[in-house]
Amino acid sequence: MYKDKVTVINESGLHARPASMLVKLAKEFSSDIKLISQDKNGVAKSILSVMSLNLAKGDEVEIEAVGQDEKEAVKALVTFIKEGCGE
Amino acid sequence: MISGIAASSGYAIGHAILLEKKEITISTEKSSSISNELKVLEDTILETTQQLQKIYEQTKVEIGEEEAMVFESHLMMLEDPEFMNLIKKNIEDEGYQVAYAVQLASDFFVEVFENMDNEYMRARAADIKDIADRMIRISLGEMTDAMELPKDAIIIAKDLTPSDTAQLDKNKVKGFITEVGSKTSHSAIMARSMGIPAVVGVADISEILKGSKEKALTIINGFTGEIIINPEQSTIKTYEDKVKSYNAEKEALKKYKDIKLQYTTGRKVSVAGNIGSVDDLQLLLEQGAEGVGLFRTEFLFMGRNEMPSEEEQFNIYKQVAEKMPDHPVVIRTLDIGGDKVISYMNMPKEDNPFLGLRALRLCFSEVNLFKIQLRAILRASIYGNLHIMFPMIGAVSELDKAYQILRECMNELQHEGTKYDENIPIGMMIEIPAAAINAAEFAKKVDFFSIGTNDLVQYTLAVDRMNTEVAHLYDPFHPAVLELIKNTINAAHNANIWCGMCGEMASDVDATKILSSYELDEFSVTGSAVLQIKAKLLEQTNVKQID
């Protein structure tokens, strides 16, 4: 298991477009990836799950991955979120 | 008389087709074979995916990329592992049949989204319901083929979801009528994109229609919101003529959409549009407007109990910037006064609010509010081509003060490390006669002017055009007014800045000749007049098309 934290920088939070970009990226890895924020957690490969976390700008989220490529997965997602999810 | 909210302009005479979704009953009985249900689920997902892909492609071609996006998000939901796992769990662990399993999974997520504090997220619940409905109908073999439509169908429904409209043969649909909805409903947006009339909010229309012959002859007036069922022959004739002339006009104007114009002196002239909301932008885009000459921001501040936050304003300005990235978008700072009631602002009771603490003067008095608006505009400026415009300036000292406050905002943002367009053009409205007379002084200090003729005429002629006793004296063509306009435009050109006009006069075809003789740089008009004014400009001897 590997995990790391990152803060959301998108002005409108993780709405549909950045969320779907994030999910597309998560699906490239074989590991199971969780997003944990405050007391909620979501599945990174599920668009409904990611959107229902309703992450806003400034929210800190922990990426936790379990599997063969857990380290790469976490690093990639943290970088992606740090840079604004492609927005 | 039957009427509703006019949501898309135009006229249509056609036959009413009532779109009623067949009620489906979903059995909560357990299934006799789990493996069978899982097979049905697999087939359902395959069929649903194929349908959605087809609809996505079709919509992209027939309407546009933006409208097609909603189906792309439906497709993403179909691939959502959490959604699928929940459905499978309902089948495997609970033993339910596919339809109910999907219903339960949908209900679960719908509840999550409907309880979010974010309006955008709450609207996503409708998407989940839509896709679940499609899956359920497919699994039950209830998916009806596209309805057989007459060639002049007027679609009537309680409401129209993206899926409903996607099924329709667009060539045969001449108009929409819905019971619920507003100007921003999906059906209204679809109708505007298709260029056909739509009237929404017509209570009981399905009941009314059930009482008439099937496929009743129906007339829609998309300008007034009026609907006439089984009209008389004379009414039909009247509307047939209306349709003819309206279509002829529209066709004739279409060819002006993408052309660019200039004066024979080489100076460019553009036709932009005025908006008072984000939705207004749609019409401008359809008409090929070359920018937004005036974005009235008052709507953000009215009809609420607390000030709009910087974030909320930022999102609106960003949206507009992104939708029109290649043309100037001029945002006017708050221009409001004692004639309107704003509970969260300190507005003194005045005997003469039009000559009182309004617009920029009010903003100086409510500096924190002013700074929040400026910050929001600055932050949004990196997403397009935004300009800032100050209203109601009479003295250079007022302009200087506005600049000072703007610079404070810029410094604050810089300190915070927040990006903004450092070269954002700053302009002012010319509406107080003093500014028009002293235009040369002001021209040195701004990047552009926009003439607000509505107030300029009132102040110059001392006439309240809302006062029926004296309204006849309101005359934009009064020599004194023309003199002020001419002076303003010349002063701008002498200082090498551009001068636009956002007042009603710009939208008046009878004014085009004289305004183009002054070489007005930008005509910012109401959305529906864009092509008309462009056509009128091209008629002028000193205007030609840029090849």
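I will take chain A first, then chain B.

Some conventions before that. This is a predicted model, in which local features need pLDDT of at least 70 and side-chain atom pairs count only at pLDDT 80 or more, while totals for chains, interfaces and linings use all residues. Residues are numbered from 1 along each chain as its sequence is written, chains are lettered from A and ligands numbered from 1 in the order in which they are written, and side-chain values use heavy atoms, with hydrogens and water left out.

Helices (H or I, at least four residues) and strands (E, at least two) are DSSP runs, numbered from the N terminus. Two strands pair if DSSP finds at least two bridges between them.

Now the sheet in chain A. Four strands make an open sheet in chain A, with order 1-4-2-3 and antiparallel pairing. Strand 1 (2–7) and strand 3 (40–43) of chain A are the edge strands, each pairing on one side only. From one strand to the next, the twist averages 25 degrees. Angles here run from 0 to 180 degrees between N-to-C directions, and axes are lines fitted to C-alpha atoms, for helices over the stretch in contact.

Going through the pairs: strand 1 and strand 4 of chain A are antiparallel over six bridges. On strand 4 of chain A, Glu62(A) is the bridge partner of Lys5(A). Strand 2 and strand 4 of chain A also run antiparallel, joined by five bridges, and there Ile33(A) has Ala65(A) of strand 4 as its bridge partner. Strand 2 (residues 32–37) of chain A is joined to strand 3 of chain A by four bridges, again antiparallel. In that strand 3, Gly42(A) stands opposite Leu35(A).

Helix 3 of chain A packs on this sheet and touches strand 1, strand 2 and strand 4 (60–66) of chain A, at about 0 degrees to the direction of strand 1. Contact means heavy atoms within 4.5 Å.

How enclosed is strand 4 of chain A? Five of its seven residues are buried, so strand 4 of chain A is largely enclosed by the rest of the structure. Buried means under 20% relative accessible area, with a 1.4 Å probe and protein chains only; over 50% is exposed, and in between is partly exposed.

Next, a helix pair. Helix 1 (residues 16–26) and helix 3 (residues 70–82) of chain A pack at about 160 degrees, with axes 10 Å apart. The contact involves Met21(A), Leu22(A), Leu25(A) and Ala26(A) from helix 1 of chain A, and Ala76(A), Leu77(A), Phe80(A) and Ile81(A) from helix 3 of chain A.

On to chain B, which has 20 helices and 18 strands. Of its 547 residues, 51% are buried. Among contacts in chain B with a separation of 6 or more, 66% are between residues 24 or more positions apart.

Chain B has an open sheet of eight strands in the order 1-8-7-3-4-5-6-2, with mixed pairing. Strand 1 (2–3) and strand 2 (5–8) of chain B are at the edges with a single partner strand each, so one side of each has no neighbour in the sheet. Strand 7 (residues 217–221) and strand 8 (residues 226–229) of chain B run antiparallel, joined by four bridges. Asn221(B) is opposite Glu226(B) of strand 8 of chain B.

Finally, helix 9 (residues 233–254) of chain B lies across strand 3 (11–18), strand 7 and strand 8 of chain B, at about 115 degrees to strand 3.
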